Amino acid sequence: MNFRIKKIILWPKDESLQIREIEFKTDKINVITGDSERGKSALITIVDYCLASSKCQIPTGIIRNKTSWFGILISLGNSELLLARKEPGEIHTSGDMFMLERQNIVKIPTRINSKTHSYNQVKYRLDELAQLSDLGFEPDSESGFKSRPGFRDMISFVFQPQYIIANPRTLFYRSDTYEHREKLKTIFPYVLGAIDNKILRAQEEIKEFIKDSAILEKEIQNNEKLSAKWDSQIKTYYLRSKEFGLLNQSPYPSDDWSADNYIRHLRGISQRIANNGLPQIEVGTTNDITTKINQLKNNEIEISQEIEYLRTRQILIKNVYSSNVEYSQAILDQFGRTVSVDWFSKKLTNDVCPFCKSTSNDTSEYVRKLSSVSESIKEKASSSNEIRKVLDKEILNLNKSLKTKEDHLNKVRSELNGLQRIDAKYKSQNQTSSSILRFVGELESKLSDYDTLFKDKGLMSELMILKGKISDLRKIIDRDKIRQKQKNAINRIQSSIEHYSKIFKAERSDDPAELDIINLTLKFSGNKREDFLWEIGSGSNYMAYHISTALALQELFLRNDSHPVPNFLFFDQPSQVYFPELNAEEAIKGDDIERVKRIFKALNDAIIRTKGNLQIIVLEHAGANVWSEFDTVHKVFRWRDDEEDKALIPNEWLI
């Protein structure tokens with residue numbers, strides 16, 4: 001993502017005054033040096049506020065009292081974006097923003113009279129510029145931490161304010177709060193390029209396809225259940241059609257006919273009547289109907305008798321099973337009383353009691369008999385267990401047989417009831433033309449209902465297509481490939497961190513420093529144990545690894561032109577770990593200069609390694625003697641008392 005800061009702009013509340021513009025080079029190390037309380041650190045909070053933060057953290061006092069709007073001019077490569085946000089006044093933050101996007105913004109407006117956008121609209125535009133997905137990381141999760149990545153999440157990688165840059169336990173901006181820390185853990189694979197928008201879309205599509213599949217499967221199951229109920233009705237209508245002579249050329253149905261067999265013959269009856277008139281009744285059809293009814297009744301009796309036999313056998317087997325359980329428990333109780341016999345027999349030597357040492361000629365024989373009894377009990381227990389296994393299997397088989405017979409009985413009764421109802425209905429009618437036509441009308445209605453419910457709608461085919469799509473999408477979400485991409489990215493970062501930490505001469509710079517995206521810190525594995533960043537000690541080491549990590553991440557991000565993290569970095573007073581004095585410009589002498597120079601040597605190296613595609617802004621106390629030798633450094637301002645321009649807020653604003 002080509003996203004760098006060209007200017008920071010402040011609009012005064014006194015409209016007679018000129019606006020304040022601070023201009024930066026987009027391909028260099030921009031340094032603003034000066035004493036404390038000049039407004040240097042406020043620049044980070046101003047940029048953050050203009051990038052649609054949820055809270056205004058610009059320090060209260062002169063800066064907010066004198067400024068009506070805060071703004072930044074952003075270079076997007078082929079265009080520019082001006083964002084400004086109203087000073088919130090007595091409230092914590094303002095949602096009023098001004099946004100102007102053009103190919104080239106030559107002149108900054110001298111006044112902003114009203115908002116053009118809300119801060120939510122600006123956030124949406126920033127998300128668009130970053131080409132961020134509008135899909136979450138876990139589609140079914142209700143956690144806000146698993147929600148879609150946003151531009152505001154990317155801000156964690158561009159700011160290193162004074163309280164972060166040497167913090168042993170917080171490596172990234174805003175990760176010192178639980179909410180942002182958890183969200184950062186979620187988005188890290190996305191930021192590292194292991195997960196991309198294509199994978200997030202695939203996850204979302206899988207979720208939707210699974211829902212659609214479940215609906216189809218339920219519809220198919222319902223159709224199958226309804227179809228079973230309709231089978232008996234279709235058979236009945238077929239037999240009645242035979243009785244009316246409407247199917248004279250069709251065979252008498254067999255028991256293995258499916259619903260489709262019946263329906264194939266029933267279709268077209270009304271058309272044949274329209275073409276040929278009412279047919280003659282086939283002799284013997286009525287007898288066939290009554291024969292079928294009698295056959296079904298006989299089947300009902302036979303199945304009922306079989307069920308009764310199975311139930312009686314089931315009760316008997318369960319009684320035997322219960323008796324076996326009681327017998328097994330009794331055997332176990334007996335065995336418990338003889339369990340010590342084996343031990344006692346081993347301790348018994350030459351008929352000498354192991355407890356009292358007395359001798360008896362009958363002891364060995366008595367113990368042998370007890371051992372024999374104990375072995376007999378063990379055999380009975382084993383036999384009882386084997387019997388119980390057989391009974392378990394028999395009970396299971398009986399249950400299956402009963403279910404099959406009961407299902408068969410229900411089917412026979414359903415068919416019999418339907419046949420008897422229609423048979424009774426037509427017995428009360430004469431074989432007249434009107435009754436036949438009424439029957440045909442009823443049959444057509446039933447066939448129409450059947451078509452509506454069961455006609456092949458391609459549901460199974462549609463389900464197979466959905467499952468195929470799910471399978472293809474799951475190939476996109478290859479967890480092994482994601483883990484490998486993440487590992488490769490972390491290895492690249494580790495290599496870059498090693499490069500920069502050696503420039504700093506940081507402790508443990510020879511050991512692999514792995515980015516731990518779970519704990520959001522660095523993990524050193526050179527020793528037999530793993531050590532985290534906070535276990536190393538020394539503020540200079542913390543600062544060195546903070547800067548090294550920020551630079552290493554930017555190197556990774558810049559490998560992808562469409563990466564969503566902006567390609568600028570803010571570092572606020574990195575030399576504080578060496579010189580906490582207010583006037584570091586005078587405090588740095590001799591060898592101390594070399595230590596601070598390492599900071600700018602590392603930053604200079606980053607500009608060269610990224611071929612000027614990275615912008616760095618450094619807010620410092622240290623003077624030009626530590627960075628003037630580097631060609632990539634651009635001095636923006638020196639805010640000190642001996643300068644005409646002494647601070648962020650100009651002198652004329654204070655009059």
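This is a predicted model: local features need pLDDT of at least 70, side-chain atom pairs count only at pLDDT 80 or more; totals for chains, interfaces and linings use all residues.
**Overall make-up**

I went through the secondary structure and got 18 helices and 14 strands. Then I checked how far along the chain the contacts reach. Taking contacts with a separation of 6 or more, I find that 71% are between residues 24 or more positions apart.

**Helices α14 and α15**

I picked this pair to look at in detail. Helix α14 covers residues 479–504 and helix α15 covers residues 539–557. I get about 135° for the angle at which they pack, and their axes are 8 Å apart. Angles over 145 would count as roughly antiparallel and 65 to 115 as roughly perpendicular, so I put α14 down as oblique to α15. The crossing of the two helices comes out right-handed.

Next I listed who makes the contact. From α14 I have Ala489, Arg492, Ile493, Ser496, Ile497, Tyr500, Ser501 and Phe504. The α15 side includes Met543, Ala544, Tyr545, Ile547, Leu551 and Leu556, and Glu555 is also among them. Sorting the contact of α14 with α15 by class, I count 13 nonpolar residues, four polar and two charged.

**Cysteines**

How many disulfides does the structure hold? I found zero. I wanted to know what keeps cysteine 50 out of one, so I looked for its closest cysteine sulfur. That sulfur belongs to cysteine 56 and is 9.2 Å away, which is too far for a bond; the cut-off for a disulfide is 2.5 Å. Going from the other end, I see that cysteine 56 is in no disulfide either, with the sulfur of cysteine 50 as its nearest cysteine sulfur.

Are these two buried or exposed? Cysteine 50 counts as buried, at 0% relative accessibility. Cysteine 56 is buried too, with a relative accessible area of 6%.

**Serine 147**

Where does serine 147 lie? I place it in the loop between α3 (119–129) and α4 (151–154). Its relative accessible area is 29%, so I have serine 147 down as partly exposed.

I also checked what serine 147 touches. Leaving aside neighbours within four places in sequence, I find serine 147 in contact with Gly136, Phe137 and Lys183. One C-alpha distance went into the notes as well: serine 147 and leucine 135 are 12 residues apart along the chain, with 7.3 Å between their C-alpha atoms.

Note on methods: Residues are numbered from 1 along each chain as its sequence is written. Side-chain values use heavy atoms; hydrogens and water are left out. Axes are lines fitted to C-alpha atoms, for helices over the stretch in contact, and angles run from 0 to 180 degrees between N-to-C directions. Helices (H or I, at least four residues) and strands (E, at least two) are DSSP runs, numbered from the N terminus. Angles under 35 degrees count as roughly parallel, over 145 as roughly antiparallel, 65 to 115 as roughly perpendicular and the rest as oblique. A crossing is left-handed if the near helix is turned anticlockwise from the far one by less than a right angle, and right-handed if clockwise. Contact means heavy atoms within 4.5 Å. Ala, Val, Leu, Ile, Met, Phe, Trp, Tyr, Cys and Pro count as nonpolar, Asp, Glu, Lys and Arg as charged, and the others, Gly among them, as polar. Buried means under 20% relative accessible area, exposed over 50%, partly exposed in between (1.4 Å probe, protein chains only).
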